[in-house]
Amino acid sequence: GSELYDLMPTAIKLGDPNGAWFTTLRTYALQGRTKFNQPEMGKWAGPGEYVTFTCQLPHDHVIKYHSDVSEEDALRETCEATKALNQILVVKGHVISRDSMAPLRAITKEYTHTLWEENANIHDVLSQAKAVVTVNSGTGMEALLHRKPVANFGRADYDVVTYRQCAGKLKEFLIAPTFDQVAVNKMFDVWCRSTHDTRDELPYL
């Protein structure tokens with residue numbers, strides 16, 4: 001929520017860099033598990049070194065209320081930035097409502113350095129990427145669990161440890177993307193203790 005978002009930059013200073021939550025959730029991610037049903041993990045191999053853009057539903061309220069940049073505009077800038085830097089871009093379509101992906105698929109097809117992918121497990125795509133770009137998808141948090149640098153156009157609870165609100169400056173990030181493990185550990189510690197009843201172990205592990 002907005003209150004958590006406003007508090008995160010301050011709260012992150014109180015996070016435990018040795019807390020167990022990053023490792024706990026990373027274990028879950030490495031099993032190929034996520035919010036929506038996914039194709040089997042381990043069946044997709046990426047095209048060498050690449051950046052990935054993870055699509056959201058363009059009409060998603062998390063974009064409507066928490067981003068000043070549309071999904072289409074974010075994808076377009078990512079296509080242009082990766083083209084300028086001669087980087088391969090894998091655009092990961094959302095597994096729900098594939099019809100709503102048509103405008104994003106069309107943008108992707110305008111470029112020759114891009115690959116549209118909608119049949120791979122999201123964790124295969126994230127784990128092999130050089131860097132991850134999104135508006136404010138939960139896949140940004142999953143990418144952090146794979147220890148990937150993340151840039152996001154919109155606002156998200158986790159963007160205290162990403163290249164946040166990157167519109168107009170994405171190329172800066174893509175030239176030398178960085179990942180801060182200590183900050184990410186602290187973010188997950190604060191986020192999990194703020195949003196979950198952590199008195200018991202997660203039941204799926």
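## Note on the fold and contacts

1. **Gln 165.** Gln 165 counts as partly exposed because its relative accessibility is 36%. Buried here means under 20% relative accessible area, exposed means over 50%, and partly exposed is in between (1.4 Å probe, protein chains only). Gln 165 has its place in the loop between β6 (163-164) and α8 (170-175). Gln 165 is not a glycine, yet its phi is positive, about 45°. Helix and strand labels are DSSP runs numbered from the N terminus: helices are H or I with at least four residues, strands are E with at least two.

2. **Basis of the model.** This is a predicted model, in which local features need pLDDT of at least 70 and side-chain atom pairs count only at pLDDT 80 or more, while totals for chains, interfaces and linings use all residues. Residues are numbered from 1 along each chain as its sequence is written, and side-chain values use heavy atoms, with hydrogens and water left out.

3. **Overall make-up.** The protein chain has 9 helices and 6 strands. Of its 205 residues, 49% count as buried. Residues 24 or more positions apart account for 73% of them.

4. **Sheet.** What is the strand order in the open sheet? The 6 strands run β3-β2-β1-β4-β5-β6, with parallel pairing. β3 and β6 are the edge strands, each pairing on one side only. Pairing requires that DSSP finds at least two bridges between the strands. β4 (residues 131-134) and β5 pair in the parallel sense over 3 bridges. Thr 134 has Asn 152 in β5 as its bridge partner.

5. **Helices over the sheet.** α4 lies across β1 (50-54), β2, β3 and β4. Its direction is at about 175° to β1. α5 lies across β2 and β3, at about 155° to β3. The axes behind these angles are lines fitted to C-alpha atoms, for helices over the stretch in contact; angles run from 0 to 180 degrees between N-to-C directions.

6. **Helix α5.** Which residues of α5 (residues 102-109) are buried? They are Leu 104, Ile 107 and Thr 108. These residues sit on the same side of α5 because they cover an arc of only 100° around the axis. The arc is taken over the directions from the helix axis to the C-beta atoms. The buried residues of α5 pack against α4 (71-84), β2 (88-92) and β3 (114-117).

7. **Helix α2.** Trp 21, Phe 22, Leu 25, Arg 26 and Ala 29 are buried in α2. Down the axis of α2, its buried residues fall within an arc of 125°, so they line one face of the helix. Their packing partners are α6 (122-128), α7 and α9. Gly 32 follows α2, with a positive phi near 80°.

8. **Aromatic pairs.** Rings of Phe, Tyr and Trp (its six-membered ring) pair if their centres lie within 6.5 Å; planes under 30 degrees apart are stacked, over 60 edge-to-face, the rest tilted. The count by this rule is 3 aromatic pairs. One of them is Phe 22 with Phe 188, edge-to-face at 5.7 Å centre to centre and 70° between the planes. This pair links distant parts of the chain: Phe 22 in α2 (residues 21-30) and Phe 188 in α9 (residues 181-195) are 166 residues apart. Phe 22 and Phe 188 are buried. Trp 44 and Tyr 50 also form an edge-to-face pair, at 6.0 Å centre to centre and 85° between the planes. Trp 44 is buried, with a relative accessible area of 13%. Tyr 50 is buried too, at 1%.

9. Glu 77 belongs to helix α4. Is Glu 77 buried or partly exposed? Glu 77 is partly exposed, because its relative accessible area is 23%. Leaving out residues up to four places away in sequence, Glu 77 touches Phe 153, Cys 166, Ala 167, Gly 168, Lys 169 and Leu 170. The C-alpha atoms of Glu 77 and Leu 170 are 7.8 Å apart, although the two are 93 residues apart along the chain. Lys 169 has its charged end over the ring of Tyr 163, 5.6 Å from the ring centre. The rule asks for NZ of Lys or CZ of Arg within 6 Å of the ring centre and within 35 degrees of the ring normal.

10. **Arg 147.** Arg 147 is another residue to check. It is other than glycine, with a positive phi near 60°. Arg 147 lies in the loop between α7 (139-145) and β5 (150-152). Arg 147 is partly exposed, with a relative accessible area of 40%.

Key. Contact = heavy atoms within 4.5 Å.
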